[in-house]
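Let's take a friendly walk through this model together. Have the sequence and the coordinates open as you read.

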Amino acid sequence: VGCAEVTIRKIEADERKPSPQVAQLLAQQLGLAADQHELFVRVARGVLAVEHLPAPILGVPPQNSADGTTLTPTQARGVITTLPTGTVTFFFTDIEGSTRRWEEQPDAMRIALARHDAILRATIETHNGYVFKTMGDAFCAAFTSAPDALAAAVVGQRDLTQEAWGTVDPIRVRMALHTGTAEPQNGDYIGQPLNRVARLLAAGHGGQVLLSLAAHELVRDGLPAGTSLISLGTHRLKDLTRPEPIYQASLLDLPANFPPLKSLDARSTNLPAQVNELIGRTREVTEIIALLHGNARLVTLTGPGGTGKTRLALQIGAELLERYADGVWFVDLSPVSAPDQVATAIAQVLGIPESPDRPIRDGVHSWLRERQTLLLLDNCEQIIAGVASLVADLLRSATKLQILATSRIPLRIAAEQEYAVEPLGLPDPATLPDLEQLSQYDAVALFITRARAVRAEFSMTNANAPAVAAICVRLDGLPLAIELAAARIRLFAPEQLLARLISARMQTLSGGARDLPARQQTIRAAIEWSYRLLLPTQQRLLARLGVFVGGWTLEAAETVCSDPESEVIEGLEALL
């Protein structure tokens, strides 16, 4: 069908939808009848849910209800056919160690997976659940009733445990339940509860049923027979937001002892908890992790202030905790002002004591030499030469060490793989999509989320959507600028906010949270932080370039801005 294998893998994992052209080619290659192509493309693109297909497409004779209405096969079986709305309990599952099993026993796994799917689907539907997504061996289901969801998990675990799988090891499925409010969209859901239940699932083990505090409160007074709930304590999950009390459903006739949860608390790390979830950046997280999995020793996230480099690095560190036996460690270099203080900052994080008998730099080398560690070095730009020198030495002596750095400029050493962090995805203001599709753009989603944090009743409507989109576009999709603008929603409607951005952008983009670094509390401070890192000759070149209106050519810049003390081309490269 003319696309790369990695694209097919992402389509299979539901990480992306095929383009209309690829979906059309798939329909042709699958030998579908011509009159079925349009429906196939709509389902593949997520516009139409499978359950809503006409009955003949599924190969089942149509049935009629009492009033003569044609039913889909799903409806005819008495299964819920529309996404539950309001407060929903989400039930996620997947098979532990499935990747290894597929590599070792592909034929047995093919048969086992079909039986696994049949058991879980029947159990979910029998307990009034709705399967809204499957991804490989993972099930995503929604229930209007939390007790129904727990009952499905209990029955499902018993049925799966009793099954004769025909594989070397029994199939072990982990399960997670979380209750919250999410928005249905194109046969799927969007909202924070889905991230939460996915993180909860990732912390569990095969055969284990985990519940969040919200789900626990709704089921504890009506537990299935032979079921009890065990508190596993409070844990920080991989999304780095607030700690989560986690509970385990203990089944009388099934194993109840499992290894410690795979949460941040179970690993060596000092990753700070985050007050907000990461919006968007799915592609960036995937690509950067792929670089580190590909054994890149140093990956530097570059970009101007406010693009979210630090938050992205923290998320990647949390995602990779299980990969590093000796931990993931975050080192904030923004307070460091001298080259010899870089090693001291790292030593303080790693708990390496200072000794009068040897330099602290040697102590850092010794600690890291045989350890499998990921260092997150944040804000390298103001001490770039000192960081580059130490990092180059560390990578030569510590063969298991990998470093993820954030900086407004690259370190420029041999081992470096630079990754430019771009602004968030933006819509085209001239051809705005409908509200549901517009909210899927990362910049718009961030604006809506942060606006609701200061004004709970805020919502994007057909009336204000053009203004919201225009705000995000005018701010170039820059996360910091969007967050500062969204904070003004407590005072201004989107249309008024847009007008103020046009007339007084710098004054409007201020007033950031008091617990943020000063450079992130206003856009002016974010720009000033970069300006102060420039050499005097570079600052002078920037000022001189200000005489041009609407851009300039290289020749014009060399003519107008030439300076006997510096080269214009070198200066432009530094400014870029």
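**A guided walk through the model**

R281 is placed in the loop between β11 (244-251) and α10 (282-293); helices (H or I, at least four residues) and strands (E, at least two) are DSSP runs, numbered from the N terminus. This is a predicted model, in which local features need pLDDT of at least 70 and side-chain atom pairs count only at pLDDT 80 or more, while totals for chains, interfaces and linings use all residues. Residues are numbered from 1 along each chain as its sequence is written, and side-chain values use heavy atoms, with hydrogens and water left out.

R281 is not a glycine, yet its phi is positive, at about 65°. R281 counts as buried because its relative accessibility is 3%, where buried means under 20% relative accessible area, exposed over 50%, and partly exposed in between (1.4 Å probe, protein chains only). D476 sits in the loop between α17 (465-474) and α18 (479-486).

Next come some buried positions. Y130 belongs to strand β4 (residues 129-135) and is buried, with a relative accessible area of 3%. Eleven residues separate Y130 from A141 along the chain, and their C-alpha atoms are 5.2 Å apart. A146 is part of helix α7 (residues 146-162) and, at 4% relative accessibility, counts as buried. Which residues does A146 touch, not counting those up to four places away in sequence? They are T89, L177, T179, L218 and V219, with contact meaning heavy atoms within 4.5 Å. From A146 to T126 the C-alpha distance is 14 Å, with the two 20 residues apart in sequence. T227, in strand β10 (residues 227-235), counts as buried at 10% relative accessibility. Leaving aside neighbours within four places in sequence, T227 is in contact with V154, A249, S250 and L251.

Now for the charged pairs. A salt bridge is a side-chain nitrogen of Lys or Arg within 4 Å of a carboxyl oxygen of Asp or Glu, and by this rule the count comes to 19. One of them joins E125 and R121, whose closest N and O atoms are 4.0 Å apart. Both are in helix α6 (residues 106-126), and because they are four residues apart there, about one helical turn separates them. E125 counts as buried at 17% relative accessibility, whereas R121 is partly exposed at 32%.

Another salt bridge brings together the side chains of E319 and R199, at 2.7 Å from N to O. This pair links distant parts of the chain: E319 is in helix α11 (residues 309-319) and R199 in helix α8 (residues 192-202), 120 residues apart. E319 is partly exposed, with a relative accessible area of 24%.

R361 and D393 also meet through their side chains in a salt bridge (2.7 Å, N to O). R361 lies in helix α13 (residues 360-368) and D393 in helix α14 (residues 384-397), so the pair ties together parts that are 32 residues apart in sequence. R361 is partly exposed at 28% relative accessible area, and D393 is partly exposed at 24%. Salt bridges that share partners also join R281, R283, E284 and E287 into one network, which returns us to the residue where the walk began.
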